[in-house]
Amino acid sequence: MRYLHTMIRVTDLDKTLDFFCRGLGMKEVSRIDNDKGRFTLVFLAASNDVESAKENKSPTLELTYNWDPEEYSGGRNFGHLAYRVENIYQTCEHLQSMGVTINRPPRDGHMAFVRTPDNISLELLQEGEHLPPQEPWASMPNTGEW
């Protein structure tokens, strides 16, 4: 397992970038503007992690800016922790055997979401290529929020 990123939702991307980049010296290593989803993702790395973040896409801080105004309360601005795993199906099966709810099953062989005992959202991502879809994951519905 390898730590990937922590995601936070932001209401003013420019102010937030100014805080993290000019204020703390972090560097922008990648950006995704999604017109269809109406959001922007900006990945920042601490100055000593820039090369690793560019090469491995980790460790980073993911800033999620939703283009449509949204008021965040109750911790929604903190999104999730993310980890890359060797086999997403085996990891989800193991967690499920421990009584963990798979909130967003790995239907695509690539991504799943679960929650910690304290209800913090955790994103699991498949290392390397997506695995071929397989049951029971391929047809399993989402459960709750993730």
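Analyst: Contact, in what follows, means heavy atoms within 4.5 Å. This is a predicted model, in which local features need pLDDT of at least 70 and side-chain atom pairs count only at pLDDT 80 or more, while totals for chains, interfaces and linings use all residues. Residues are numbered from 1 along each chain as its sequence is written, and side-chain values use heavy atoms, with hydrogens and water left out.

User: Which residues does serine 58 touch, not counting residues up to four places away in sequence?

Analyst: Serine 58 sits in the loop that joins helix H2 (50-56) to strand E4 (60-66), where helices (H or I, at least four residues) and strands (E, at least two) are DSSP runs numbered from the N terminus. Once residues up to four places away in sequence are set aside, the residues that serine 58 touches are Arg2, Tyr3, Leu4, Ser52 and Ala53.

User: How many residues of strand E3 are buried?

Analyst: Strand E3 covers residues 39-45, seven in number, and is described as mostly covered. The count of buried residues in E3 is six.

User: Over how many bridges do E2 and E3 pair?

Analyst: Two strands pair if DSSP finds at least two bridges between them. Strand E2 (residues 27-34) meets E3 in the antiparallel sense, and serine 30 has phenylalanine 43 of E3 as its bridge partner. In the hairpin of these strands, four residues lie between E2 and E3, and arginine 38 takes a positive phi near 60°. The number of bridges over which E2 and E3 pair is seven.

User: Which residue in E4 does threonine 40 stand opposite?

Analyst: E3 and E4 are also joined in the antiparallel sense, over six bridges. Within E4, the residue opposite threonine 40 is tyrosine 65.

User: Which are the edge strands of the open sheet?

Analyst: The open sheet has eight strands with mixed pairing, and its order reads E2-E3-E4-E1-E5-E8-E7-E6. An edge strand here pairs on one side only, and this holds for E2 and for strand E6 (102-104). The edge strands are therefore E2 and E6.

User: Which element gives the largest share of the largest nonpolar core?

Analyst: A nonpolar core is a set of buried Ala, Val, Leu, Ile, Met, Phe, Trp, Tyr and Cys residues joined through side-chain atoms within 4.5 Å. The largest one has 12 residues, namely Val85, Ile88, Tyr89, Cys92, Leu95, Ile102, Ala112, Val114, Leu122, Leu124, Trp137 and Met140. Two or more residues of this core come from each of helix H3 (88-97), strand E7 (111-115) and strand E8 (121-126). The largest share, four residues, is given by H3.

Technical notes
Buried means under 20% relative accessible area, exposed over 50%, partly exposed in between (1.4 Å probe, protein chains only).
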